[in-house]
Amino acid sequence: MAKPAPVADTRDPGSATTTSKRAVSARDIDLPPVMVKQGGPLAKWADDRLGVGGLSKFLMRKIFPDHWSFLLGEIALWSFIVLLITGVFLTIWFKPSMAEVEYVGSYQLMKGMMMSQAFASTIDISMDIRGGLLLRQMHHWAALLFVAAMFTHAARIFFTGAFRKPREINWLIGVGLLFLGTMAGFSGYSLPDDLLSGTGLRFADGLMRSIPLIGTWAEFFVFNGQFPGDLIVSRLYMVHILLIPGLILGLIAAHMVIMVYQKHTQFPGPGRTEHNVVGYPLFPVYIAKMTGFFFIVFGTITLFGALVSINPVWTYGPYNPSQVTAGSQPDWYMGWVEGAVRIMPGWESHWGHTTWSWNVFVPGVILLGAFFTLMALWPWIEHWFTGDERNHNLLDRPQDNPTRTAFGVAIITFMLLLQFGGANDIIATHFKLSLNAISWFLRFAIFVVPVIAFWVTKRICLGLKKGDQERLLHGSPTGEVHRDANGAYIEDHVPISHEEAFALTAIDAPEPLTVAAQADAHGVRRTDGDVSAMRARASHWWSESNIPHPTREELEEAHSHHGDGHEIEPADKH
Amino acid sequence: MNTNASTELTPRPVDDPGVEPHVLSYRASDPEVDKEAERRVIACFGLSALFALSSVVIYFAVPHTIAIRVGSFDGNLHNVLFGVTMGLGILLIGLGVIMWARNLMNDEELTEERHDPASSEETRTEVLVMLSDGVRDSGVARRRFLMGSLGGALGLFALPLIVTLADMGPWPTKRVRQQTIERTLFAEATPQKPIRLVNDVSWKPLRAADLEIGQLVNAQPENLRELHDVEYQQAKAKSSIILVRMDPDSIKIPESRRDWQVSGILCYSKICTHVGCPITLWEQQTHHLLCPCHQSTFDLGNSGNVVFGPAARSLPQLKIGVDGEGYLIATQDFTVPVGPSYFERDSRNDFKEGDA
Amino acid sequence: MKYLSTRRRHPAAKPLILVLALFLVGAVYALVIPSSQVSAAPGLSQQVQEGKALFQVSCSSCHGLNGEGTSQGPSLVGVGAASVDFQMGTGRMPMARPGQQAPRKDSEFSPEEISAISSYVATLGPGPGIPAASVVDPSKLTDEELARGGDLFKTNCSACHNVSGQGGALPNGKYAPPLTGVQPVHIYEAMRIGPQQMPVFSKNVITDEDATQIIGYLETVQNRNPGGGLSLGNLGPVTEGLWAWVVGIGGLVVIATWIASKGARSK
């Protein structure tokens, strides 16, 4: 290959065509000397070989809208980077072997005990390797944050409707990442082979066994025979440091590329439409903010690792199948499954010489599977209700779609209740409640409370939307009250700003589907074929809380109208 | 394009006022404030470097064996000092960069047009034409048998790889199950060659006279001690037992289990029938045994029946007796497999409430 | 009343006993007669005499004038000195009101008074005694013995009391109390007597040597165990998850709000 030419404008016949164009135009523009002297030649060197010019042109001034909730996914991304960094350090010392060794390290309460090599090396990392404890604790804190941030990020996407067309694929990838993240967490906290992780594996063993038909086979294949076997730690190690991180990295890459290609969504606002994106350019503002946030997340996790204890494996001791501790819980993201397993009644069928353990299979396998399936299918479930074929680049506020928001709140309530179930022993001792009473309460509450939450949320959303309608038509209350000629007290209102009025009317909720109409209000034929009567009814139910925006005429009428109980000051602003 | 009917097709009730005019930040309109903001960012970066260097010094200078305990804080001095300085060093870079971005960079918001992700109709048609050209060139449409054979080959090439997974573990056939999950170390016991029950951890053989009413003993079969490594763990995960002594008058002993106990000393599997946690949380007054993992509760005064929680089957009871020297012994295995359920488990023989 | 006034009563307790007796006479009369014949022992030592008087003032309303038990409280015949020392030393007895579980609290009695009452109760029937100081002193244990104590603790105790002695839940509102700050002698006594729902761990099974090691492990794990920082109550993943959400996600969201906010404007 040709060496980089010493002069910036030499045309290399092999280089991409964009390079030559750019080289010409770069000379035409007044560039600062630093760009000509250093940046120019370096950029040319890279562009000659990789054609990075085109990519840079595409990316460099790409616009990213600014909103705090758009940074939740970044918390997850940066936690994952911290996981990779700290994880690499941990692999330097960790020995993924279940071979039995006698402990010879410095920790007093393990002296002379027999334990697996995996556990012994974890104690060494925590006690004898300088900085090892910090990295271990950082790794675990980063893992908890990683999954928590993915959950909050997914919730933001859900409540703002960002999963709708054209972003269904990225939503699916996100669901995959969430699932992989929890699996990474589970495989990770099982590695130290301490009493708590062994108890978790024992549970996983029971879970696998409960699968009808193939349960015993699954157990024997995963554990290489009976629990605990001698290979599970090394197998999980492979899953934890190779398989899952590899998949996560690939999916993150796809997630990012699709996000950049489709451009980020934005909230309605002045100048913000379905066809543009308003915000800061990637270079320099957004890249600076991203970098800054990475260091803040990294630094926060480091401080947690330095100051807050997590998973003190040395206290739990090595796994021993005849030992257990009160307060045996999984990490929080498995807590709701744990709760479901705890409050499930002891139902089991004994048909012939077979055993069907619904008591484990339903809450442990079915529920977990149902949650991720429901989540993955949500964009299509919502589409079934709405028949909405439009592209959506403007986000809903949660109250803009009361039914969806209410459903999301109901699901979160359900999971939160189960989470309480997973911590029922801690709750019982710390709030002086009866363990059995909590379980009995939850057995009913998980069905009743989400319904109440659904109804209440929907009411709240409707109230907020009606408030918006009031503001649009009658303006914003000033807090000043005066008495009119008839003796009635009237609160003064000022019209809301043009910007706010635009934002409040920027998005239309989809029209409910009807059986007869095969074309929507805009005359565009729907592609979803025949609408069944059931679907039409469901669609009507979904949209019953829609409040159509006032029309242009209604707004003008309201603004010019005086004295119907919402006195409006003469508009002097516009 | 095409099917993507966007909201803009409907006339909006309110006209787009356009992006708010850019207002200079306080900083940009006052050079003094600007300088001050810059100084703050520089201070962040400077402090960060100091912290990074001091954490390196701390790493080597501070011994990692000193504990610091203040109230509920209980840490290792090396970990705290090293981590805090390192963390602050990292955090300050972040804070500095954000302050730079927020206060010193141009904060004018820009607008970029979106492109519809869908390609144009012309492109779509072009691609379809290319596709059909390709299909024609390859002869796929005409050579059906070739395609079929390729499909067959592709379907099968991965099979050998998948087959290698067949030996991930032994196959739990009926015979293998009988040798593994359906058998414990007590199976080696016979009336002629009984196995003594020993205290877990201390391996001390247990005498019936050692147990008082209300006593709980975590025990193992004596022959567990001969095992090591994986065999030891696998055996222990099934053979762990608890012995409890209750007032024989205060408990229900079914006729079939009359001779399974020694003057109120009963022996149960320690492995929960739910998902297999070892259970020892025994209330000596109610005779209830609670699993700390999922709160299944068994009544040891009533053949180990489930009284609460997600477990579905009673706790297996082991027939025990005493030998000539007064030691507690087992002469046979559990009558049902211990531990959590599995599909092929014949659960018709487990003890149920009401069995005699 | 005749029996009481002539044979059993200490002069100092007279007024109180009279008041109590008036209250209880109907309920306990029938029970007093048989048991008083059994436990009447001439020549009681000074300490036992004092203990008996204290017992009759403070304990007899539930446990009967002679410790024979009533519908309010169990018989104390044969529970031994260890039982009294444990129950009173940890403030569980006397109970403020009958309930399903007596909570630990500061004892209202001086060590001398407790010791007097325990020696009196010990005379009611043979039972576990208070251990010698050397038995509950773990200071001479080697590291290996402490580690073995941990093994014993995790096999026998941690299912209820948690691996670092933080306590845990039992069915129906009962609980295994935390072992933090409990005197070694009381831990020893609890093993031997099996108070309330706790099972007995008798000397022949968990030997004195084992008990000392368990006490040594607990003492070490609670006072000298290296920690990773803020303990979060040593409650495991539940409080860790709470911290990750509240402080972690909560704190980072606050920072995200700052990052996405616009700076001060000149207008």
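**A friendly note on a three-chain predicted model**

1. Before going on, a word on what you are looking at. This is a predicted model, in which local features need pLDDT of at least 70 and side-chain atom pairs count only at pLDDT 80 or more, while totals for chains, interfaces and linings use all residues. Residues are numbered from 1 along each chain as its sequence is written, and chains are lettered from A and ligands numbered from 1 in the order in which they are written.

2. In total, 41 residues of chain B are in contact with 32 residues of chain C, where contact means C-beta atoms, placed from the backbone, within 7 Å of each other. On the chain B side, strand 2 (73-76), helix 2, strand 5 (216-221), strand 8 (281-282) and strand 9 (288-290) each supply at least two residues. That side divides into 17 nonpolar, 16 polar and eight charged residues. Nonpolar covers Ala, Val, Leu, Ile, Met, Phe, Trp, Tyr, Cys and Pro, charged covers Asp, Glu, Lys and Arg, and the others, Gly among them, are polar.

3. Chain B also meets chain A: 89 residues of chain B are in contact with 105 residues of chain A. Helix 2 of chain B gives the largest share of its side, 18 residues. By class, the chain B side has 43 nonpolar, 28 polar and 18 charged residues. Strands take part here as well, with strand 4 (residues 276-281) of chain A and strand 3 of chain B pairing in the antiparallel sense over four bridges. Within that pairing, G279(A) stands opposite L110(B).

4. What does chain A look like in itself? Its secondary structure comes to 20 helices and eight strands.

5. The largest nonpolar core has 267 residues, and L145(A), F146(A), V297(A), L197(B) and L243(B) have the most contacts inside it. Helix 6 (residues 132-159) of chain A gives the most to this core, with 19 residues. Such a core is a set of buried Ala, Val, Leu, Ile, Met, Phe, Trp, Tyr and Cys residues joined through C-beta atoms within 7 Å.

6. C59(C) is found in the loop between helix 3 (46-58) and helix 4 (60-63), and counts as buried because 23 other C-beta atoms lie within 10 Å. C62(C) lies in helix 4 and is partly exposed, with 17 such atoms.

7. Lastly, UniProt (unreviewed entry) places a "transmembrane region" at residues 242-261 of chain C. Over residues 242-261 the chain is 95% helix and 0% strand, with the end C-alpha atoms 27 Å apart.

Methods
Buried ≥ 20, exposed ≤ 12 C-beta atoms within 10 Å, placed from the backbone. Contact = placed C-beta atoms within 7 Å. Pairing = 2+ DSSP bridges. UniProt positions renumbered as here; feature names shortened; annotations may be inferred.
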